[in-house]
Amino acid sequence: MLKPIPIKEDLFYVGVNDRTKHLFENLWPLPKGVSYNSYLIKDEKTALFDTVDVCYSDTFFHKLEIALDGKQLDYVVINHMEPDHSGSLGLLKSRFPNVQIIGNKRTADMVQGFHGITDGVKVIADGEELSLGKHQLVFYLTPMVHWPETMMTYEKTSKIIFSGDAFGTFGTLDGGITDAQLYPERYYDEMIRYYSNIVGKFGSPVQKALEKLSTLEINYICSTHGPVWTLPDQIEKVVSIYDKLSRYQGDEGVVIAYGSMYGNTEQMAETVAYELAQQGIREIILHNVSKRSHSYIIRDIFKYKGLIVGSPTYNNKLFPEVEYLLSKVEGRDMKNRYFGYFGSFTWAGAAVKRLAQFAEDTKFEVVGNPVEMKQAMQLDTHDACIALGKAMADRLKQDR
Ligand SMILES: Cc1cc2nc3c(=O)[nH]c(=O)nc-3n(C[C@H](O)[C@H](O)[C@H](O)COP(=O)(O)O)c2cc1C
Ligand SMILES: [Fe+2]
Ligand SMILES: [Fe+2]
């Protein structure tokens, strides 16, 4: 689609879909692709909100030029400098040399560093306003959601928040742009994955940002990835998803993430899961860390309160993929989880000790007794795994 898509009078979508890239940030799988959203307001002055990944600049500039329809581009507001959005800024500046680049002090430093641009940069302060004619912009600095320069721009007349990565999701926009034009439910899990993978470490800055926005009336959330949120119930829903995730609040349910080379440690995971189900827990998700990308495991750890990790001993350490997962959990300052663990060995165990250290470092509430298995499952290990499952179920049910 070369034509810009009108979202409402004077507001156009000029973003693009990426169905080519396999890994976002070269880390996170994109089975449903991703969109890089960019928006244009046409008023007495014209303002563009963010750009797109440079790989898609050609399509982007076609759309932008059609949307401008001969008008000049007066401003480009940079809410976030990560190159999935600012990648086309250098090219934009060469096509529109008179454009004013709008950002805060930290943005200006990055504009210079990434693109060598120093002229035509307008530095704004928190709360500063800019008139486009009928439309009035207000800039809100929201540092560390998830870079230090991140900000959001509010348009007062139509009550639009250009939120940057906040409220963004993986998944392309297939035909429709707004929540009213597509099935928004399809994006919730991808929003949680996007948040937990990319923004997850920054719960407290996200809380501060939400607090800052809490007094604003919002009719449109225009984020940099995924649908434009316009329906009141959907706006409420996505704000509540962000609020809950940034408080590290999980739902009742258990993620069992395990490593296993020959299936013995896996039997421990199966046994714990069996007992959880017997005890009436319905959300039980087993992840084999060697097969499932950490992206999805982290998503589910953000979704559910219960976390159980199991690992064989591998060269006197934890199984490497389990160790990698633990580093991802620690790296996100994950909080408020009930934690259980089990491990195995054949001649000298190390896995369970390392998991105990992890429990201490994260300050998770340890539930049940850790289970350590030698070689393969016997009745005593079976019973200990059942007891671990029961303890986790009991703990979760206390919160009902
Ligand atoms: C490459 C490799 C390295 C291992 N290193 C150790 C070790 O250092 N100490 C130990 O007690 N067991 C070690 N084991 C045995 C495992 O911890 C475990 O008992 C065995 O793989 C069975 O569990 P599984 O079926 O879940 O893979 C190792 C196994 C493999 C294949
Ligand atoms: Fe980003
Ligand atoms: Fe982004």
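Visitor: What radius of gyration does the protein have, and what would a compact globule have?
Guide: This is a predicted model. For 400 residues, a compact globule would have a radius of gyration near 21 Å. The value for the protein agrees with that, and it is 24 Å.

Visitor: What box do the C-alpha atoms fill along the principal axes?
Guide: Within the protein there are 12 helices and 23 strands, and 57% of the 400 residues are buried. Taken along the principal axes, the C-alpha atoms fill a box of roughly 80 × 40 × 35 Å.

Visitor: Which residues coordinate the iron ion (ligand 2)?
Guide: The donors of this ion follow the spacing H-x1-E-x63-H-x18-D along the chain. Their distances to the iron ion (ligand 2) run from 1.9 to 2.2 Å. The residues are His-80 (NE2), Glu-82 (OE), His-146 (NE2) and Asp-165 (OD).

Visitor: What is the arrangement of the four donor atoms around the iron ion (ligand 2)?
Guide: Four donors count as tetrahedral only if all angles lie between 85 and 135 degrees. Around the iron ion (ligand 2) the angles run from 82 to 166 degrees, so the arrangement is irregular.

Visitor: How many residues apart in sequence are the parts that Glu-82 and His-146 tie together?
Guide: The spacing of the donors of the iron ion (ligand 2) is H-x1-E-x63-H-x18-D. Glu-82 lies in the loop between strand S9 (75–77) and H2, whereas His-146 lies in the loop between strand S13 (136–141) and strand S14 (151–155). The pair therefore ties together parts whose separation in sequence is 64 residues.

Visitor: Are Glu-82 and His-146 buried or exposed?
Guide: Buried means under 20% relative accessible area. Glu-82 has 8% relative accessibility and so counts as buried. At 7% relative accessibility, His-146 also counts as buried.

Visitor: Which residue coordinates both iron ions?
Guide: The iron ion (ligand 3) and the iron ion (ligand 2) are 3.4 Å apart. The residue that coordinates both is Asp-165.

Visitor: How many residues apart are His-85 and Asp-165?
Guide: His-85 is in helix H2 (residues 83–86), and Asp-165 is in the loop between strand S15 (160–164) and helix H5 (185–199). The pair links distant parts of the chain, the separation being 80 residues.

Visitor: What percentage of the area of ligand 1 does the protein bury?
Guide: Ligand 1 is surrounded by 16 residues, the closest being Ser-260, Thr-265, Thr-313, Asn-316 and Thr-346. A polar side-chain atom of Thr-346 is 2.7 Å from an oxygen atom of ligand 1, and a backbone N or O atom of Asn-315 is 2.8 Å from a nitrogen atom of the ligand. Taken alone, ligand 1 exposes 620 Å², and the share that the protein buries is 86%.

Visitor: Which residue's backbone nitrogen does the side chain of Ser-35 reach?
Guide: Ser-35 lies in strand S6 (residues 34–36). With a relative accessible area of 0%, Ser-35 is buried. At 2.9 Å, its side chain reaches the backbone nitrogen of Gly-226.

Note on methods: Residues numbered from 1 in each chain as written. Chains lettered and ligands numbered in written order. Predicted model: local features only at pLDDT ≥ 70, side-chain atom pairs only at ≥ 80, totals over all residues. Heavy atoms only, no water. Donors = N, O, S within 2.8 Å, 3.2 Å for Na, K, Ca; no water. Helix = DSSP H or I, 4+ residues; strand = E, 2+ residues; numbered from the N terminus. Near = heavy atom within 4 Å. Polar contact = N/O pair within 3.5 Å; in protein donor to acceptor, adjacent residues only side chain to side chain. Areas by Shrake-Rupley, 256 points an atom, 1.4 Å probe, with all protein chains shown as cover. Rg over C-alpha atoms; globule rule 2.2 N^0.38 Å. Buried < 20%, exposed > 50% of the residue type's maximum accessible area, 1.4 Å probe, protein only. Tetrahedral: all angles 85-135°; square planar, octahedral: opposite > 155°, others 65-115°.
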